[in-house]
Amino acid sequence: MVIPSRPTLFCSSPRSYLAMLLLLLLLLLLLLLLPLAMLWQQRSRDARPSWLIHLQHQVAWGALGWAAAWQQRKLERSTRHVGQSQQRALMWCLKRAQSPCSLPRGNTDMSTFRNHLPLTKTSQAQKEESEEKHLPPALPQYHGEASLQATLLGLVTLNKAYPEVLTPGSTACVTPTSPWPSSVPWLGHALGRVSPLGAKDTWTLLLEALISPGLRALEARTAVELLDVFVGLEADGKELAEAIAAGNLGTPLPRRAAELQEALEQGPRGLALRLWPKLQVVVTLDAGGQAEAVAALRALWCQGLAFFSPAYAASGGVMALNMWPEQPQGFYLLPPGVPFIELLPIKAGTREEAASTLLLTDVQREEEYELVLTDHAGLTRCRLGDVVQVVGAYNQCPVVKFTCRLGQTLSVRGEVTDENLFSAALAQAVGQWPGAKLLDHACVESSILDSCDGSAPHYEVFVELRGLRNLSEENRDKLDHCLQEASPCYKSLRFRGSVGPAKVHLVGSGSFRVLRETLATCPSSFPPEMPRVLRLRHLAQLLQKRVIS
């Protein structure tokens, strides 16, 4: 499949880049000075005159338009000359390296780069050591041109698909961090958010969204975090309604509080549209481990709504851009800029690694590759573990879909049960549990919890469900049967007794929210990725303590 080049987003102008830059700076200056000029007559967000709000919105979109058009042209040039673009990206990383560089001086070609910087892979032991120290987490920042392109071009794409979504007061973000990877000065005004992002907790952000019934777009950094928001909304609905009625954020709104309570009483299915009847789209940042949350949101709280992700983010930052919302979900462009990306071929059916990496122009359609990242921060060719399949091309660049993460595999007797195989087997088993809807899951190898007790090693599986409060032994056994059907190797080990049956545990509502809060305090890959296989005992025990069935 060849993805056609995008038409120009805005009419081209004969102005030079310098003239465009000066105009952009003037627009930004106007945007920043307008609120200051009106500060004397306003004491709160609600005090701003409507004409000022609309003027700020128009100025922001003027700046956004010029910046997006500029980035679109840069992307077109770079994707038509991928070899040159990747060479420039590599040299940019080398010149700005924050660690000692072992490369020879002078012009560095790809062969020299590969010979002097061997592939590295973050071992599980290194991750565990860093996480056990409970270091303070770094702020979630995404560097490189891909982040800026994903934000600017994604906003324009979203506005084109849903023209009314970004009008003033039509968007709310319910997590402290936005799904847009790059923070540009005019972003809040261009999005038309009901309140600017800042040092606010999820409770306050959700409260601000709930008092705005005219929302057309709902944002959260990732789907799993949005799932946590809706689960928390159901659990804390009474307190939120009381806060709205009391006017904790301004004017008391008893009628809106009554609408919230009435909407919650009807259950989770379609809740978002009952709360915000004009809502059209949910915006989240795509990353590993999000598929279950998206499926649960689509089936329950966000039923009937479209989903949009501006980019795919891996542990190394923004890896790929979403430029085609009309295409099947999950098609992304791998850009040739910073960070510098290579692809490591994976042998079909074996998941074994190849001897050498490939550049973007060398990949083959329908083949699978592991992403390899180099940036200026560490100057290492790091294997990320994220596997992509090439599904098409945009100019000379590959269009891919992300298939799995190599680090999320289970193995207790040498077998390899990868993330996709296990998730498919679990989905099949849950489908046989009457009334159950899977919200979240995590797996642990029995050795982590010392739960063998003389029996064969096995998988410990923790699930959070909606619609089922107790698991019968018959239902628990269905997962093991589905795993045997999906994996001949697992079935053989089970037949010989080398591996014991998978044990399924039902955890209480909100258990995975607590897990994610704990993960966020560690310098791990989350956010934005969500691990499905836990390697640390204290994390596994956190879920074990919350088992209800």
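**Aromatic pairs and cavities**

Q: How many aromatic pairs does the structure hold?
A: The structure holds seven aromatic pairs, a pair being two rings of Phe, Tyr or Trp (its six-membered ring) with centres within 6.5 Å. This is a predicted model, in which local features need pLDDT of at least 70 and side-chain atom pairs count only at pLDDT 80 or more, while totals for chains, interfaces and linings use all residues. Residues are numbered from 1 along each chain as its sequence is written, and side-chain values use heavy atoms, with hydrogens and water left out.

Q: What about Tyr332 and Phe402, how are their planes set?
A: The ring centres of Tyr332 and Phe402 are 6.2 Å apart and the planes stand at 75°, so the pair is edge-to-face (planes over 60 degrees apart; under 30 counts as stacked, the rest as tilted).

Q: Where in the chain are these two?
A: Tyr332 belongs to strand E9 (residues 332-333) and Phe402 to strand E13 (residues 397-405), so the pair links distant parts of the chain, 70 residues apart. Strands (E, at least two residues) and helices (H or I, at least four) are DSSP runs, numbered from the N terminus.

Q: Buried or exposed, Tyr332 and Phe402?
A: Tyr332 is buried at 2% relative accessibility, and Phe402 is buried at 17%. Buried means under 20% relative accessible area, exposed over 50% and partly exposed in between, with a 1.4 Å probe and protein chains only.

Q: Which residues form the aromatic cluster?
A: Tyr312, Tyr332 and Phe402 form one aromatic cluster.

Q: Changing topic: how many cavities of 30 Å³ or more are there?
A: There are three. A cavity is a set of points on a 1 Å grid over the protein atoms alone where a 1.4 Å probe fits but cannot get out, and lining residues have an atom within 4 Å of a point.

Q: And how much space is in the largest cavity?
A: About 70 Å³, a volume being the space filled by probe spheres set on the points, which are joined across faces, edges and corners.

Q: What is the volume of the second largest cavity, and which element gives the largest share of its lining?
A: The second largest cavity has a volume of about 50 Å³. Helix H14 (419-430) gives the largest share of the lining, three residues.

Key. 1 Å grid on protein atoms, 1.4 Å probe; cavity = no way out; pocket = protein on both sides within 12 Å on 5 of 7 lines; lining within 4 Å.
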